[in-house]
Amino acid sequence: MLRFDAETARLLDAGYKGADIARRRKANVSALKPQFGQSIVDIGAGSGLLAHDLSQLVGDKGQIFAVDPSPEMRAAANKACSDRTNVRVLAGSAYDLPFAEGTLDGAVSLQVYEYLDDVPRALKEARRVLKKGGHLVIGDLHWDSHIWHADNYERMEQMLRIWDSHMVWRRLPAYLPAMLRDAGFTLEAIRPEICQDNDFRSDGLAKLMVQLISAYAVQNELATVAEVDEWKNEQERMAEEGRFFFAITHYVISAVR
Ligand SMILES: C[S@@+](CC[C@H](N)C(=O)[O-])C[C@H]1O[C@@H](n2cnc3c(N)ncnc32)[C@H](O)[C@@H]1O
């Protein structure tokens, strides 16, 4: 698994402010439809940017709880939300949310469930804390939808298989509808959000992924610094020559308790 340590928090903080990931956050907010005065938990809140967006929509009478097990990510969330009085950053996990039964209006979790060993258990826990009629919104990538052009496809495959080993679920959006029904939710909608990049944008998801995959591969001795540098240089050269191509689909799945 990827270590959500200080270096990862720094990379995520920079990348998550970029346009691709901002659009992904917006798609999750639209699906959740937060109302003034509501209490909402962001499960695996990470850098806290989604909690910040939500806090503006629920207003002063509302409350956003940003829950994350990683102290480094909680530090990042506290920093991002330091100007908001209606955000509380709390230690906890998707399996053990620090709330009483039936107390929250909404729950959202963005790119977290694909790292969980026991998704049914996490869905049961989300259902426990929601009020009847409360909404759960889960956003995750379906990695089979990933297209990433390369001159050296063999090396690209090697890098992407290394990345596969950092997550538990490659195809979670396809499993979630049935899992949600089994956990007692009513499925509301499945909305695809395509992320496409032809420029290797400096604030794009592709750029962030090159940094994260390189760090993960080197940390875990799955590739050398020279190998990841050659891969990155190839992608930069392709972008300079107008031949860069990257696309992946993020799914926003909403359900009602
Ligand atoms: C890829 S980051 C996404 C962060 C954030 N949701 C966002 O989109 O900006 C994954 C996050 O899940 C958190 N995480 C890992 N295991 C978790 C668990 N069992 N329960 C809740 N969060 C977890 C990590 O600490 C990290 O902050």
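1. Let's start with the strands: strand 1 (residues 39-43) and strand 2 (residues 63-68) run parallel and pair over five bridges. Strands here are DSSP runs (E, at least two residues), numbered from the N terminus, and helices are runs of H or I of at least four. Two strands pair if DSSP finds at least two bridges between them. To see one such link, find Asp 42, whose bridge partner in strand 2 is Ala 66.

2. A quick word on the source: this is a predicted model, where local features need pLDDT of at least 70 and side-chain atom pairs count only at pLDDT 80 or more, while totals for chains, interfaces and linings use all residues. Residues are numbered from 1 along each chain as its sequence is written.

3. Is strand 1 mostly covered or mostly open? Four of its five residues are buried, so to speak mostly covered. Buried means 20 or more other C-beta atoms within 10 Å of a residue's own, with C-beta atoms placed from the backbone.

4. Helix 3 (residues 49-58) is mostly covered too, with seven of its 10 residues buried. Among them are Leu 49, His 52 and Val 58. Just after helix 3, Gly 59 has a positive phi of about 70°.

5. Now look at helix 2 (residues 19-32): its axis and that of helix 3 come within 10 Å and cross at roughly 45°. Axes are lines fitted to C-alpha atoms over the stretch in contact, with angles from 0 to 180 degrees between N-to-C directions.

Methods. Buried ≥ 20, exposed ≤ 12 C-beta atoms within 10 Å, placed from the backbone.
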